[in-house]
Amino acid sequence: MEPILSINNLTKNFGHLTAVKDLSFTINKGNVYGILGPNGSGKSTTLGIVLNVVNKTSGDFKWFDGNTTTHDALKKVGAIIERPNFYPYMTATQNLKLVCKIKGVDQSKIDEKLEIVGLLDRKDSKFSNYSLGMKQRLAIASALLNDPEILILDEPTNGLDPQGIHQIREIIKQIAEKGTTILLASHLLDEVEKVCSHVVVLRKGVKLYSGRVDEMISSHGFFELKANNQEALISLLENHKSVSRIKVKDHLVTAFLNESIDSGTFNQYLFNNGIVLTHLVQRKESLEEQFLQLTDKN
Amino acid sequence: MLRLLHLELQKLLLNRTSKVLIFISFILPFFVILLSSLKINVFGFFTLELGELGIFNFPVIWHLTTFFASQFKFFFAIVVVSMIGNEYSNKTIKQNLIDGLSKKEFILSKFYAIIFFSLASTVLIGLISLCIGLYYSSYNEFNIIIRETSFLLAYLVKLIGFFSLCLFFGMLAKRSAFALAFLFILFILEWLGFGLLTWQFNMDVAESIQNFFPLKSMYKLIDQPFQRIAMTKFPDKGELMYDYAVHWYEIAIVLGWTALFIFLSYRLLKKRDL
């Protein structure tokens, strides 16, 4: 696979505080990546370093094949960091023209990109008159101007209302479907779960995990069960070889598995032993549960 | 280079405040000089015509107009300082870098804009002086006209130097108001330095050292012309004699400061985490 960004042993100190510690990972073409981490885990600092606005302390990173300077590489990247930053006294079109001049791309795509984010009818309004949601959408349009090889989004839905969050998410999904590589930093896990195939998990500047979302923790998932005869169910589960742990909450019994087992086979087994289930759900841990397990464990 | 200049011009000319200040600093002196060259009849009592005083004669006019026009440079200084301050307060400096502008290009685009406006102003002042001069001057020989056009060069260097200083203070303080305060503090510090040197040594030594200070060296490029005009009126008064010419070393000192300020601005931006 073609690497777009490789980070090697990157470290950043702010005085005594180490914001990023010995971080290494690679972003390959065509995948959608999420960077997960609690607030202050070094997500934005890492992105700041590769985007040329924060100076690294040690280590290195390279864009594409490593033969272009960072600022030239950034012309092929689309990025939004935290809040949308534009000139308040210029209109949307004027702001985007300026970005075109910086990136050295043709100005013909401005209307097309404004259409994608649904701002075409407001293109001649001043940026200062935009709502936060519109500002954020303009930022996405600006990041798309050069048809980037990779789109970097840092907390794109921060501070938006539910409608705004939904709009941004739909736009991201559309872009991901077109095969653009995306790197999405967020602490909102359902956001990442919905669009990302790969994740990098950070805590206190240290990498805890990087790889596919579904391989994040070695788990075979769990069953959520209900039966009229709860005690019989529990005693049966305790003696089942595939069940590692049982959790009972009210009338819901959760059985964690230590090997994969088919729900039909499992149901048949219980029925043969005289238990009739009123509720059966087989699930894997959500990203949130996996993430909490991973960050608590370490 | 044109790309960077275009960038900066778009940023400046779409901003109403900058536009007004640019107008005041470059177009206003142009009009004031033009008006003052006209015959003004004061309520029929007497006619005020500055041209009659001989101040619009070549080559004195070069000295007078450049000195007068350079007093308006403070307005554009506000533009320079706020073009940095705005980039920081809107965080657009961060976005510019993310979009693929290098830190060097960022400083250069500001510097090119400074050169552009200084050059435009110099050409404007040059033209208006030439026109007024041709109209009023008693001497119209080519040799006399081009004599002391070195004041135009001094004017250009003075503007570029001063605005580079503002650029550096803007980068240093990140906020326009603080940067202007720095400018004022530097002014006070230079006079304090001068006072201290006079007290330690003597006036002559202090003055020759003061001529190396950034603000003073820029001021020194075009000395005040009033004494010179007085000199032409009373040629026999020896004590009015002073050295008003533009010297190559005065230009060299200011160019040295300019290079230093631009370099320091770049270093500052390079070292800084945004």
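## Contacts and make-up of chain A

In chain A of this predicted model, 70% of the contacts between residues at least 6 apart in sequence join residues at least 24 apart. The secondary structure of chain A consists of ten helices and 13 strands. Chain A has 298 residues, and 37% of them are buried. Its C-alpha atoms fill a box of roughly 75 × 45 × 35 Å along the principal axes.

## Confidence in chain A

The mean pLDDT of chain A is 87. A score of at least 70 is reached by 99% of the residues. Among the elements of chain A, helix H3 (residues 92–103) has the highest mean pLDDT, at 93. Helix H10 (residues 287–297) of chain A has the lowest, at 76.

## Where the chains meet

Chain B puts 22 residues in contact with 23 residues of chain A. Two elements of chain B give two or more residues to this side: helix H1 (2–13) and helix H5 (92–98). The largest share comes from H5(B), with six residues.

## A helix pair in chain B

Helix H2 (residues 16–36) of chain B packs against helix H4 (residues 73–89) of chain B. Their axes are 7 Å apart, and the angle is about 150°. Angles over 145 degrees count as roughly antiparallel, so H2(B) and H4(B) are roughly antiparallel to each other. The crossing of H2(B) and H4(B) is left-handed.

H2(B) makes the contact through B:Ser18, B:Leu21, B:Ile22, B:Ile24 and B:Ser25. From H4(B) come B:Lys73, B:Phe75, B:Phe76, B:Ile78, B:Val79 and B:Met83. By type, the residues of this contact are eight nonpolar, two polar and one charged.

## B:Phe68

B:Phe68 sits in helix H3 (residues 60–70) of chain B. Why does B:Phe68 count as partly exposed? B:Phe68 has 16 C-beta neighbours inside 10 Å. A residue is buried at 20 or more and exposed at 12 or fewer, so B:Phe68 is classed as partly exposed.

Which residues does B:Phe68 contact, leaving aside its neighbours within four places in sequence? They are B:Pro29 and B:Ile33. B:Phe68 and B:Gln224 are 156 residues apart in sequence. In space, their C-alpha atoms are 9.0 Å apart.

How values were computed. Residues numbered from 1 in each chain as written. Chains lettered and ligands numbered in written order. Predicted model: local features only at pLDDT ≥ 70, side-chain atom pairs only at ≥ 80, totals over all residues. Helix = DSSP H or I, 4+ residues; strand = E, 2+ residues; numbered from the N terminus. Contact = placed C-beta atoms within 7 Å. pLDDT = per-residue confidence, 0-100. Axes fitted to C-alpha atoms, helices over the stretch in contact; angles between N-to-C directions. Parallel < 35°, antiparallel > 145°, perpendicular 65-115°, else oblique. Left-handed = near helix turned anticlockwise from the far one by under 90°. Nonpolar A, V, L, I, M, F, W, Y, C, P; charged D, E, K, R; others polar.
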